[in-house]
Amino acid sequence: MSSPVLSVFIRSLGVHTPERVVTNEELSKTVDTSDEWIKTRSGISERRIAGPGENPSDMGARAAQKALARANLQPSDIDLVIVATMTPDVPFPSTACLLQAKLGLRRDIPCFDISAACSGFVYALQVGTDMLKSGRYRLALIVGAEKLSSVVDWSDRTTCVLFGDGAGAAIIETTPQANVGVLSNLLGADGNNAELLHCAAGGSAQPATPNSISSGQHFLRMNGKEVFKHAVRVMADSCERALAQAGVHSDQVSWFIPHQANIRIIQAVAEQLKVGLDRFPINLDRYGNTSAASIPLALEEAWQQGKIKHGDLVLIVAFGAGLTWGATLLRWHEPIS
Ligand code: UT7
(Lines give C-alpha, C1' and ligand atoms only; values in the text may rest on other atoms or scores of the structure.)
Protein backbone atom coordinates (compact mmCIF):
# COMPACT_ATOMS: atom_id res chain seq x y z
CA MET A 1 0.00 0.00 0.00
CA SER A 2 1.36 3.47 -0.85
CA SER A 3 1.99 6.00 1.95
CA PRO A 4 -0.63 8.70 2.52
CA VAL A 5 0.07 12.13 1.00
CA LEU A 6 0.60 14.54 3.86
CA SER A 7 2.34 17.41 2.09
CA VAL A 8 3.13 18.86 -1.33
CA PHE A 9 6.44 20.65 -1.85
CA ILE A 10 8.33 22.41 -4.65
CA ARG A 11 10.96 19.90 -5.75
CA SER A 12 12.57 21.95 -8.50
CA LEU A 13 12.40 25.23 -10.40
CA GLY A 14 13.54 26.46 -13.82
CA VAL A 15 13.22 29.72 -15.73
CA HIS A 16 13.57 31.05 -19.22
CA THR A 17 13.80 34.71 -20.22
CA PRO A 18 14.23 36.01 -23.76
CA GLU A 19 17.69 37.19 -24.76
CA ARG A 20 16.61 40.61 -25.97
CA VAL A 21 17.06 43.27 -23.27
CA VAL A 22 15.18 46.56 -23.68
CA THR A 23 16.53 49.30 -21.43
CA ASN A 24 14.67 52.37 -20.17
CA GLU A 25 17.04 54.41 -22.32
CA GLU A 26 15.92 52.54 -25.42
CA LEU A 27 12.23 53.07 -24.57
CA SER A 28 12.77 56.78 -24.05
CA LYS A 29 13.65 57.01 -27.75
CA THR A 30 10.17 55.86 -28.80
CA VAL A 31 7.86 57.22 -26.03
CA ASP A 32 7.93 60.41 -23.96
CA THR A 33 9.59 58.96 -20.85
CA SER A 34 12.97 58.82 -19.14
CA ASP A 35 15.18 56.33 -17.32
CA GLU A 36 14.85 58.51 -14.24
CA TRP A 37 11.01 58.54 -14.26
CA ILE A 38 10.73 54.78 -14.77
CA LYS A 39 13.31 53.95 -12.09
CA THR A 40 11.90 56.38 -9.52
CA ARG A 41 8.25 55.43 -10.04
CA SER A 42 8.63 51.68 -10.53
CA GLY A 43 12.20 50.51 -9.81
CA ILE A 44 12.48 48.99 -13.30
CA SER A 45 15.70 49.46 -15.32
CA GLU A 46 15.18 46.98 -18.14
CA ARG A 47 12.95 44.16 -19.30
CA ARG A 48 13.21 41.13 -21.63
CA ILE A 49 11.19 41.05 -24.82
CA ALA A 50 10.41 37.80 -26.68
CA GLY A 51 11.41 37.39 -30.30
CA PRO A 52 9.14 36.18 -33.09
CA GLY A 53 8.24 32.54 -32.57
CA GLU A 54 9.14 32.75 -28.87
CA ASN A 55 5.73 32.18 -27.34
CA PRO A 56 4.57 31.36 -23.80
CA SER A 57 4.49 27.62 -24.60
CA ASP A 58 8.09 27.81 -25.92
CA MET A 59 9.38 29.82 -22.96
CA GLY A 60 7.40 27.64 -20.54
CA ALA A 61 8.78 24.46 -22.13
CA ARG A 62 12.37 25.71 -21.79
CA ALA A 63 11.81 26.68 -18.15
CA ALA A 64 10.27 23.25 -17.52
CA GLN A 65 13.21 21.44 -19.16
CA LYS A 66 15.58 23.16 -16.74
CA ALA A 67 13.38 22.26 -13.77
CA LEU A 68 13.22 18.62 -14.93
CA ALA A 69 17.00 18.40 -15.44
CA ARG A 70 17.70 19.87 -11.98
CA ALA A 71 15.43 17.26 -10.40
CA ASN A 72 16.86 14.39 -12.48
CA LEU A 73 13.41 13.74 -13.85
CA GLN A 74 12.20 12.67 -17.30
CA PRO A 75 9.27 14.31 -19.14
CA SER A 76 7.42 11.00 -18.76
CA ASP A 77 7.47 11.40 -14.96
CA ILE A 78 5.02 14.36 -15.08
CA ASP A 79 1.41 13.50 -14.17
CA LEU A 80 -0.30 16.88 -14.54
CA VAL A 81 0.36 20.30 -16.15
CA ILE A 82 -1.10 23.67 -15.19
CA VAL A 83 -0.03 26.80 -17.06
CA ALA A 84 -0.88 30.23 -15.66
CA THR A 85 -0.95 32.87 -18.37
CA MET A 86 -2.87 35.98 -19.44
CA THR A 87 -1.17 35.89 -22.84
CA PRO A 88 -1.88 32.36 -24.14
CA ASP A 89 -0.26 31.41 -27.48
CA VAL A 90 -3.77 31.23 -29.03
CA PRO A 91 -7.33 31.53 -27.63
CA PHE A 92 -7.53 27.73 -27.78
CA PRO A 93 -6.30 25.09 -27.30
CA SER A 94 -4.67 25.81 -23.97
CA THR A 95 -1.01 26.77 -23.71
CA ALA A 96 -0.66 23.77 -21.37
CA CYS A 97 -1.61 21.39 -24.22
CA LEU A 98 0.86 23.08 -26.59
CA LEU A 99 3.56 22.82 -23.93
CA GLN A 100 2.71 19.15 -23.31
CA ALA A 101 3.39 18.36 -26.97
CA LYS A 102 6.59 20.46 -27.09
CA LEU A 103 8.00 18.74 -24.02
CA GLY A 104 6.94 15.26 -25.15
CA LEU A 105 4.98 14.63 -21.96
CA ARG A 106 2.75 11.56 -21.60
CA ARG A 107 -0.36 11.72 -23.77
CA ASP A 108 -2.79 10.65 -21.07
CA ILE A 109 -2.24 13.40 -18.47
CA PRO A 110 -4.50 16.39 -17.66
CA CYS A 111 -3.19 19.72 -18.99
CA PHE A 112 -4.99 23.03 -18.60
CA ASP A 113 -4.53 26.80 -18.24
CA ILE A 114 -5.46 29.09 -15.40
CA SER A 115 -6.42 32.70 -16.06
CA ALA A 116 -5.69 34.79 -12.97
CA ALA A 117 -3.28 37.34 -14.50
CA CYS A 118 -0.39 38.26 -12.16
CA SER A 119 -1.78 35.97 -9.43
CA GLY A 120 -1.82 33.05 -11.87
CA PHE A 121 1.20 31.20 -10.50
CA VAL A 122 -0.16 31.29 -6.93
CA TYR A 123 -3.54 30.08 -8.18
CA ALA A 124 -1.93 27.29 -10.24
CA LEU A 125 0.28 26.22 -7.34
CA GLN A 126 -2.77 25.96 -5.11
CA VAL A 127 -4.90 24.04 -7.61
CA GLY A 128 -1.97 21.71 -8.35
CA THR A 129 -1.33 21.16 -4.63
CA ASP A 130 -4.97 20.25 -4.02
CA MET A 131 -5.00 17.86 -7.00
CA LEU A 132 -1.84 16.17 -5.74
CA LYS A 133 -3.30 15.91 -2.26
CA SER A 134 -6.17 13.89 -3.74
CA GLY A 135 -3.61 11.12 -4.16
CA ARG A 136 -4.31 10.65 -7.90
CA TYR A 137 -1.09 12.35 -9.09
CA ARG A 138 2.46 12.44 -7.77
CA LEU A 139 4.33 15.06 -9.82
CA ALA A 140 2.86 18.22 -11.33
CA LEU A 141 4.39 20.86 -13.57
CA ILE A 142 3.24 24.37 -12.65
CA VAL A 143 4.22 27.06 -15.16
CA GLY A 144 3.82 30.83 -15.28
CA ALA A 145 4.55 32.06 -18.83
CA GLU A 146 3.85 35.43 -20.39
CA LYS A 147 4.44 37.39 -23.57
CA LEU A 148 3.10 40.72 -22.35
CA SER A 149 4.93 42.53 -25.14
CA SER A 150 2.15 41.24 -27.43
CA VAL A 151 -0.67 43.01 -25.49
CA VAL A 152 1.15 46.18 -24.49
CA ASP A 153 0.44 49.40 -26.39
CA TRP A 154 3.97 50.51 -27.23
CA SER A 155 2.76 54.08 -27.67
CA ASP A 156 1.21 54.27 -24.16
CA ARG A 157 3.93 55.43 -21.79
CA THR A 158 1.78 54.77 -18.71
CA THR A 159 1.92 51.00 -19.29
CA CYS A 160 4.57 50.05 -21.86
CA VAL A 161 7.49 50.82 -19.54
CA LEU A 162 6.24 48.40 -16.87
CA PHE A 163 5.94 44.96 -18.45
CA GLY A 164 8.22 42.21 -19.75
CA ASP A 165 8.24 38.62 -21.05
CA GLY A 166 9.45 35.37 -19.50
CA ALA A 167 8.54 32.04 -17.92
CA GLY A 168 9.13 30.11 -14.73
CA ALA A 169 8.33 26.48 -13.95
CA ALA A 170 7.99 24.57 -10.70
CA ILE A 171 7.76 20.82 -10.26
CA ILE A 172 5.69 19.97 -7.23
CA GLU A 173 5.65 16.57 -5.59
CA THR A 174 3.81 14.70 -2.87
CA THR A 175 5.49 13.47 0.27
CA PRO A 176 4.31 11.42 3.25
CA GLN A 177 6.23 13.87 5.49
CA ALA A 178 4.11 16.30 7.52
CA ASN A 179 4.70 20.04 7.88
CA VAL A 180 6.78 20.60 4.71
CA GLY A 181 6.04 22.38 1.45
CA VAL A 182 2.70 24.21 1.27
CA LEU A 183 1.63 25.00 4.85
CA SER A 184 -1.18 27.46 4.18
CA ASN A 185 -2.68 29.46 1.37
CA LEU A 186 -5.48 31.72 0.34
CA LEU A 187 -6.83 32.94 -2.96
CA GLY A 188 -9.25 35.78 -3.64
CA ALA A 189 -10.83 37.87 -6.37
CA ASP A 190 -13.01 40.94 -6.88
CA GLY A 191 -14.53 41.06 -10.37
CA ASN A 192 -16.27 44.35 -9.55
CA ASN A 193 -12.94 46.04 -10.19
CA ALA A 194 -12.22 44.20 -13.44
CA GLU A 195 -11.92 47.42 -15.46
CA LEU A 196 -8.97 48.71 -13.46
CA LEU A 197 -6.67 46.44 -15.45
CA HIS A 198 -8.08 44.79 -18.54
CA CYS A 199 -8.05 44.19 -22.27
CA ALA A 200 -11.36 45.20 -23.90
CA ALA A 201 -11.27 43.18 -27.12
CA GLY A 202 -10.02 39.91 -28.56
CA GLY A 203 -12.43 37.64 -26.70
CA SER A 204 -15.88 36.46 -27.79
CA ALA A 205 -17.61 39.62 -26.48
CA GLN A 206 -15.57 41.81 -28.82
CA PRO A 207 -13.83 39.81 -31.55
CA ALA A 208 -11.28 41.59 -33.71
CA THR A 209 -12.76 44.10 -36.17
CA PRO A 210 -10.93 46.81 -38.14
CA ASN A 211 -12.42 49.33 -35.67
CA SER A 212 -11.42 47.40 -32.51
CA ILE A 213 -7.89 47.16 -33.84
CA SER A 214 -7.53 50.76 -34.99
CA SER A 215 -8.92 52.04 -31.67
CA GLY A 216 -6.38 49.99 -29.70
CA GLN A 217 -8.93 47.87 -27.83
CA HIS A 218 -6.70 44.79 -27.98
CA PHE A 219 -4.14 46.39 -25.72
CA LEU A 220 -3.81 46.16 -21.96
CA ARG A 221 -5.17 49.25 -20.17
CA MET A 222 -4.59 50.07 -16.53
CA ASN A 223 -5.64 52.63 -13.95
CA GLY A 224 -2.20 52.52 -12.31
CA LYS A 225 -2.98 54.64 -9.26
CA GLU A 226 -6.04 52.60 -8.25
CA VAL A 227 -4.33 49.28 -8.93
CA PHE A 228 -1.39 50.43 -6.81
CA LYS A 229 -3.62 51.16 -3.80
CA HIS A 230 -5.47 47.84 -4.04
CA ALA A 231 -2.18 45.95 -4.49
CA VAL A 232 -0.61 47.27 -1.29
CA ARG A 233 -3.70 46.67 0.85
CA VAL A 234 -4.52 43.22 -0.52
CA MET A 235 -0.95 41.87 -0.60
CA ALA A 236 -0.27 42.88 3.01
CA ASP A 237 -3.64 41.49 4.13
CA SER A 238 -3.08 38.21 2.22
CA CYS A 239 0.32 37.75 3.90
CA GLU A 240 -1.19 38.30 7.33
CA ARG A 241 -4.03 35.86 6.67
CA ALA A 242 -1.75 33.12 5.26
CA LEU A 243 0.52 33.50 8.31
CA ALA A 244 -2.42 33.40 10.75
CA GLN A 245 -3.77 30.28 9.02
CA ALA A 246 -0.48 28.49 9.74
CA GLY A 247 -0.02 30.03 13.21
CA VAL A 248 3.27 31.60 12.08
CA HIS A 249 4.60 35.07 12.97
CA SER A 250 6.18 37.23 10.26
CA ASP A 251 9.49 37.18 12.22
CA GLN A 252 9.75 33.45 11.53
CA VAL A 253 9.56 33.90 7.75
CA SER A 254 12.98 33.91 6.08
CA TRP A 255 11.86 35.18 2.66
CA PHE A 256 8.87 37.02 1.27
CA ILE A 257 8.60 36.54 -2.51
CA PRO A 258 6.21 39.21 -3.78
CA HIS A 259 4.81 39.73 -7.26
CA GLN A 260 7.36 42.00 -8.94
CA ALA A 261 5.26 44.90 -10.27
CA ASN A 262 6.67 47.98 -8.60
CA ILE A 263 9.37 48.46 -5.95
CA ARG A 264 7.17 51.06 -4.23
CA ILE A 265 4.36 48.51 -3.82
CA ILE A 266 6.82 46.04 -2.28
CA GLN A 267 8.24 48.72 0.05
CA ALA A 268 4.74 49.65 1.22
CA VAL A 269 3.83 45.98 1.83
CA ALA A 270 7.06 45.44 3.80
CA GLU A 271 6.27 48.53 5.89
CA GLN A 272 2.73 47.38 6.62
CA LEU A 273 4.03 43.98 7.70
CA LYS A 274 6.85 45.64 9.70
CA VAL A 275 9.37 43.44 7.90
CA GLY A 276 12.74 44.66 6.55
CA LEU A 277 12.93 45.06 2.78
CA ASP A 278 16.09 42.89 2.86
CA ARG A 279 13.83 39.85 3.29
CA PHE A 280 12.07 40.63 -0.03
CA PRO A 281 14.22 39.41 -2.97
CA ILE A 282 13.80 41.83 -5.88
CA ASN A 283 14.42 41.26 -9.59
CA LEU A 284 11.91 43.64 -11.17
CA ASP A 285 14.79 46.01 -11.94
CA ARG A 286 15.94 43.49 -14.60
CA TYR A 287 12.66 41.93 -15.75
CA GLY A 288 9.84 44.42 -15.10
CA ASN A 289 6.40 43.01 -14.40
CA THR A 290 6.17 39.57 -16.03
CA SER A 291 2.72 38.81 -14.56
CA ALA A 292 2.31 35.05 -13.91
CA ALA A 293 6.05 34.47 -14.51
CA SER A 294 7.10 37.02 -11.91
CA ILE A 295 6.94 34.88 -8.76
CA PRO A 296 8.66 31.79 -10.19
CA LEU A 297 11.37 34.04 -11.68
CA ALA A 298 12.01 35.66 -8.27
CA LEU A 299 11.70 32.38 -6.36
CA GLU A 300 14.11 30.54 -8.65
CA GLU A 301 16.65 33.35 -8.45
CA ALA A 302 16.56 33.43 -4.64
CA TRP A 303 16.88 29.62 -4.57
CA GLN A 304 19.75 29.51 -7.08
CA GLN A 305 21.57 32.28 -5.21
CA GLY A 306 21.46 30.03 -2.13
CA LYS A 307 19.28 32.45 -0.17
CA ILE A 308 16.46 29.96 0.37
CA LYS A 309 17.61 26.96 2.41
CA HIS A 310 16.11 23.69 3.55
CA GLY A 311 13.65 24.34 6.39
CA ASP A 312 13.17 28.07 5.65
CA LEU A 313 9.68 29.53 5.76
CA VAL A 314 8.95 31.30 2.45
CA LEU A 315 5.83 33.36 1.82
CA ILE A 316 4.83 34.08 -1.78
CA VAL A 317 2.23 36.75 -2.45
CA ALA A 318 0.65 38.04 -5.65
CA PHE A 319 -1.87 40.53 -6.93
CA GLY A 320 -3.21 41.22 -10.41
CA ALA A 321 -5.97 41.82 -12.91
CA GLY A 322 -9.38 40.44 -12.05
CA LEU A 323 -8.76 41.75 -9.52
CA THR A 324 -7.13 38.61 -8.13
CA TRP A 325 -4.73 37.87 -5.31
CA GLY A 326 -3.18 34.97 -3.42
CA ALA A 327 -0.58 34.00 -0.86
CA THR A 328 1.09 30.69 -0.06
CA LEU A 329 3.30 29.88 2.91
CA LEU A 330 5.90 27.19 2.23
CA ARG A 331 8.38 25.37 4.39
CA TRP A 332 11.23 24.88 1.92
CA HIS A 333 12.08 21.22 1.47
CA GLU A 334 15.13 19.96 -0.45
CA PRO A 335 14.53 16.34 -1.39
CA ILE A 336 17.22 13.87 -0.38
CA SER A 337 18.27 12.34 -3.71
O1 UT7 B 1 0.79 43.47 -11.86
C2 UT7 B 1 -0.18 44.08 -11.05
C3 UT7 B 1 -0.70 45.26 -11.69
N4 UT7 B 1 0.15 46.39 -11.86
C5 UT7 B 1 0.61 47.14 -10.87
O6 UT7 B 1 0.68 46.75 -9.74
C7 UT7 B 1 1.00 48.56 -11.20
C8 UT7 B 1 0.42 49.52 -10.19
N9 UT7 B 1 0.66 50.91 -10.46
C10 UT7 B 1 1.90 51.47 -10.49
O11 UT7 B 1 2.87 50.77 -10.39
C12 UT7 B 1 2.01 52.97 -10.61
O13 UT7 B 1 0.75 53.56 -10.41
C14 UT7 B 1 2.62 53.46 -11.96
C15 UT7 B 1 4.09 53.08 -12.03
C16 UT7 B 1 1.85 52.81 -13.10
C17 UT7 B 1 2.49 54.96 -12.08
O18 UT7 B 1 3.09 55.61 -10.98
P19 UT7 B 1 2.36 56.84 -10.26
O20 UT7 B 1 3.25 57.35 -9.24
O21 UT7 B 1 1.00 56.34 -9.83
O22 UT7 B 1 2.27 57.91 -11.42
P23 UT7 B 1 0.96 58.57 -12.07
O24 UT7 B 1 0.19 57.58 -12.84
O25 UT7 B 1 0.26 59.36 -11.02
O26 UT7 B 1 1.64 59.59 -13.07
C27 UT7 B 1 2.35 60.75 -12.59
C28 UT7 B 1 2.72 61.59 -13.80
C29 UT7 B 1 1.55 61.87 -14.72
O30 UT7 B 1 1.73 63.18 -15.23
P31 UT7 B 1 0.87 64.39 -14.62
O32 UT7 B 1 -0.57 64.02 -14.81
O33 UT7 B 1 1.26 64.47 -13.18
O34 UT7 B 1 1.33 65.55 -15.42
C35 UT7 B 1 1.73 60.88 -15.86
O36 UT7 B 1 1.21 61.34 -17.07
O37 UT7 B 1 3.70 60.87 -14.59
C38 UT7 B 1 3.24 60.81 -15.95
N39 UT7 B 1 3.70 59.55 -16.52
C40 UT7 B 1 4.93 59.42 -17.06
N41 UT7 B 1 5.94 60.27 -17.23
C42 UT7 B 1 7.06 59.81 -17.80
C43 UT7 B 1 3.05 58.37 -16.57
N44 UT7 B 1 3.84 57.44 -17.16
C45 UT7 B 1 5.00 58.07 -17.47
C46 UT7 B 1 6.20 57.65 -18.08
N47 UT7 B 1 7.18 58.53 -18.21
N48 UT7 B 1 6.38 56.37 -18.48
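**Entry 1: the model.** I am working from a predicted model, so a friendly reminder to myself that each value below is computed from it.

**Entry 2: helix 8 against helix 9.** I started with how two packed helices are described, which is by the angle between their axes and the distance between the axes. For helix 8 (residues 224–246) and helix 9 (residues 263–273), I found an angle of about 40° and axes 9 Å apart. I noted their crossing as right-handed.

Next I looked up who touches whom. Helix 8 brings Phe228, Ala231, Val232, Met235, Ala236, Cys239 and Glu240, and these meet Arg264, Ile265, Ala268, Val269, Gln272 and Leu273 of helix 9. The residues of this contact divide into 10 nonpolar, 1 polar and 2 charged.

Entry 3: Which order do the strands of the open sheet take? I read 8-13-12-11 for its 4 strands, with mixed pairing. At the edges I have strand 8 (181–189) and strand 11 (255–258), each pairing on one side only. From one strand to the next, the twist averages 10°.

I then followed strand 11 to its partner, strand 12 (residues 313–320): the two run parallel and are joined by 4 bridges.

Helix 5 (residues 120–133) lies across strand 8, strand 12 and strand 13 (324–331), and helix 5 runs at about 125° to strand 8.

**Entry 4: Ala170.** I picked out Ala170, which sits in strand 7 (residues 165–175). Is Ala170 buried or exposed? Its relative accessibility is 0%, so I count Ala170 as buried.

Setting aside neighbours within four places in sequence, I listed the contacts of Ala170 as Ile10, Ser12, Leu13, Phe121, Ala140, Leu141 and Ile142. I also looked at Leu68, 102 residues away from Ala170 along the chain: their C-alpha atoms are separated by 9.0 Å.

**Entry 5: helix 11.** How many residues of helix 11 (residues 294–304) are buried? I got 10 of its 11, so to speak a mostly covered helix. Among the buried ones I noted Ser294, Pro296, Glu300, Glu301 and Trp303. Just after helix 11, I marked Gly306 for its positive phi of about 80°.

Technical notes. Residues numbered from 1 in each chain as written. Predicted model: local features only at pLDDT ≥ 70, side-chain atom pairs only at ≥ 80, totals over all residues. Heavy atoms only, no water. Buried < 20%, exposed > 50% of the residue type's maximum accessible area, 1.4 Å probe, protein only. Axes fitted to C-alpha atoms, helices over the stretch in contact; angles between N-to-C directions. Left-handed = near helix turned anticlockwise from the far one by under 90°. Contact = heavy atoms within 4.5 Å. Nonpolar A, V, L, I, M, F, W, Y, C, P; charged D, E, K, R; others polar. Pairing = 2+ DSSP bridges.
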